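Subject: Structure for you to look over

Hello,

Here is the structure I promised to pass on. Please open it and read the notes alongside.

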Amino acid sequence: MSSADRILRQAFARVGLEGFSTHSFRRTALTRMHSAGVPTKHIQRISGHRTLAALPGYLEVTDEQVEGAISTLEF
């Protein structure tokens, strides 16, 4: 664990938050790019993931985004 990560975790613990790390900020940044419509291939290059298969675990998808995607379907 890096010094920055350890310091951040200690700060979160002091205010009663658990489960956060420097990795949390990475996930948030990648998710925000994805939500803004940045192509997944671009996000992969920015994040340094070797394959696209590794990337989806970092991208959060909200219920509203799922509903929006479904609403684009025409039958």
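Below is what I found, from the overall fold down to single residues.

Please keep in mind that this is a predicted model.

**Overall fold**

The chain has four helices and zero strands. Read from the N terminus, the order is α-α-α-α. The radius of gyration is 16 Å, well over the 11 Å that the globule rule gives for 75 residues, so the chain is more spread out than a compact globule. Along the principal axes, the C-alpha atoms fill a box of roughly 55 × 30 × 20 Å.

Burial comes next. Of the 75 residues, 19% count as buried. Among contacts with a separation of 6 or more, 29% join residues 24 or more positions apart.

**Surface and charge**

The accessible surface of the chain is about 6,000 Å². Carbon and sulfur atoms account for 58% of that surface. On the charge side, there are 9 positive and 7 negative side chains. The centres of these two sets lie 18 Å apart.

Helix α1 covers residues 3–14, twelve residues in total. From first C-alpha to last, α1 reaches 17 Å. That is close to the 16 Å expected at 1.5 Å a residue. Just after α1 comes Gly16, with a positive phi of about 85 degrees.

Phe12 belongs to α1. Is Phe12 buried or exposed? Its relative accessible area is 16%, and the cut-off for buried is under 20%, so Phe12 counts as buried. Which residues does Phe12 touch, beyond those up to four places away in sequence? They are Leu17, Phe20, Ser21 and Phe25.

**Helix α3 and Thr40**

Helix α3 spans residues 40–47, and Thr40 is part of this helix. The relative accessibility of Thr40 is 34%. Setting aside neighbours within four places in sequence, Thr40 is in contact with His34, Leu52 and Leu55. Ala54 sits 14 residues from Thr40 along the chain, and their C-alpha atoms are separated by 11 Å.

**Where to look**

Best wishes

Key: Residues are numbered from 1 along each chain as its sequence is written. This is a predicted model: local features need pLDDT of at least 70, side-chain atom pairs count only at pLDDT 80 or more; totals for chains, interfaces and linings use all residues. Side-chain values use heavy atoms; hydrogens and water are left out. Helices (H or I, at least four residues) and strands (E, at least two) are DSSP runs, numbered from the N terminus. The radius of gyration is taken over C-alpha atoms; the globule rule is 2.2 Å times the number of residues to the power 0.38. Buried means under 20% relative accessible area, exposed over 50%, partly exposed in between (1.4 Å probe, protein chains only). Contact means heavy atoms within 4.5 Å. Accessible areas come from the Shrake-Rupley method with a 1.4 Å probe; for residues, only the protein chains shown count as cover. Lys and Arg count as positive and Asp and Glu as negative; His and the chain ends are not counted. The place of a charge is taken as NZ of Lys, CZ of Arg, CG of Asp or CD of Glu. The expected span of a helix is 1.5 Å times one less than its number of residues.
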